[in-house]
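Here is a short report on charged side chains and how they pair. Keep the sequence and the 3D view at hand as you read.

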Amino acid sequence: MSNQSLKEKQRPLVYERLHYRAPFGYVTMMARLEGAISKEQLMKALTELTSKYPLMGARIEQLNDGSAKFVVEGASEYAVTVSDKKDDKQWLQIAMDEQKKPFNLNKGPLIRFILLNSAYNSDIILVCHHTICDGLSLTYLVKDIIKLLNEPSKKVEPKPLPPTVSEENFTVKVSTGFLVKLLLNYFNRSWKKAKVIFTQEDYEKIHQSYWDSNKIQVRLLTLPKELTTHLLSCCHQEKVSVNSAIIAAFTFAQNDLQGTNPSFSENVGVAMNIRHFFKENAKENFGLLAAGNVLTVTRKDREGFWAVAKKTDRQAKKILASPKKVLKLLAFNYLDSGLIDAMWFTAHGDFKNKTALRLKKMFLNPSENPKRKIGTTNLGKVANDGSEQAYKLKTLFFIPPYWETYEKVIGIVTAAETMNISILYDSRYVEDNIMEQFRMLTLKYIEEATAHGSSA
């Protein structure tokens, strides 16, 4: 096989390694379409799209030294489960149950589909391992599925594997600092004294342990068409991003219910798209092409809604203007891949190693409680491509991975002129009634802000 052929079929697992053995590393989406869809229709579309998005058909091969690579050949056929649709709420329980089923990372593929069918509309549930995609990837995939359902004879343009998320592949200088590299080298030297390579069987054990012990719940919030339109219009008038306004609403609700103490309650995690940083065109490619950052969102005294939104927006734009800040998680590229795995086996299994424990305490929880109150991912607006289509997108929901460093993890997506918000939490840490109040207060602050504009 030529080097070019190898490049098209294989790619190192580097930046994605952080999610490789994480027991909660699932990205989930539900797309509701008008009309009935058969399994054969969906399978035909998925088969065609594999050439456009190669990682859809990938498996992960772990090598003898513990490193790993994506291999885009030899994966099993897509798992597509079809059931009769009973009601519009059925999808959520199925989506959460699917996260409790581990992928066979060695065999692949690392994405599966559930089709809930009725004569009037159909729900397509996409459950994907985080190593091969982010939330935006699933919006691209949904749009393409709809296109191919409407035009089944249409051919797609193949894309290469997405570029490796590493310093040499960016148009900007994002080198990891000397002191950080020194610390990571120390971790690597300590780990090599008792290095362990974990297996698929080990992964399945901690996956089971994780889902047996947590109590992850989801509450949904839908902003109707009129409110969504008002929010987008107000954000335009106030010259802030929709995401900054939504974060302000979350922050106000958070402070009303749980106050501002401890200090970490002011930290809000934000997922950011990094596709525009690559030398190689990665626009609308399917892969893990996002990075997490933290904003410090505060409300002083009786500071108004839009004042907080603008302050948040300035901070987010400042981070986005500094690639080094956006891409700080690249530091993990310098850690021994087995040590990254060991962090998860220390956190959720019975593996004991001092170096892995130190890494866990630094990166995950220094205690049993979440370090930050809110983590958010906003996928923006997904547009329908035509009003005359037989299959049209009626609604879209996004469920991000529940990172244990947060008390609440929130996924946001706007489609069919409505904004849908999924709020994940672990009821071991926060009571159900508090989360219902959080949901309703968030809605209240958005309604008030859009009703009164900059005076809110």
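A salt bridge is a side-chain nitrogen of Lys or Arg within 4 Å of a carboxyl oxygen of Asp or Glu. By this rule the count is 25 salt bridges. This is a predicted model, where local features need pLDDT of at least 70, side-chain atom pairs count only at pLDDT 80 or more, and totals for chains, interfaces and linings use all residues. Residues are numbered from 1 along each chain as its sequence is written, and side-chain values use heavy atoms, leaving out hydrogens and water.

| Salt bridge | Closest N to O |
|---|---|
| Arg-17 and Asp-341 | 2.5 Å |
| Lys-85 and Asp-123 | 3.0 Å |

Take Arg-17 and Asp-341, which form a salt bridge. The pair links distant parts of the chain, 324 residues apart. Arg-17 sits in helix 2 (residues 17-20) and Asp-341 in helix 12 (residues 337-348). Helices here are DSSP runs of H or I with at least four residues, strands are runs of E with at least two, and both are numbered from the N terminus.

Are these two residues buried or exposed? Buried means under 20% relative accessible area, exposed over 50%, and partly exposed in between (1.4 Å probe, protein chains only). Arg-17 is buried at 2%, and Asp-341 is buried at 1%.

Now turn to Lys-85, which is buried at 12%. Lys-85 lies in the loop between strand 5 (79-84) and helix 4 (90-98), while Asp-123 lies in strand 7 (residues 121-129), 38 residues apart. Asp-123 is buried, at 0%. Shared partners join Arg-32, Lys-85, Asp-88 and Asp-123 into one network of salt bridges.
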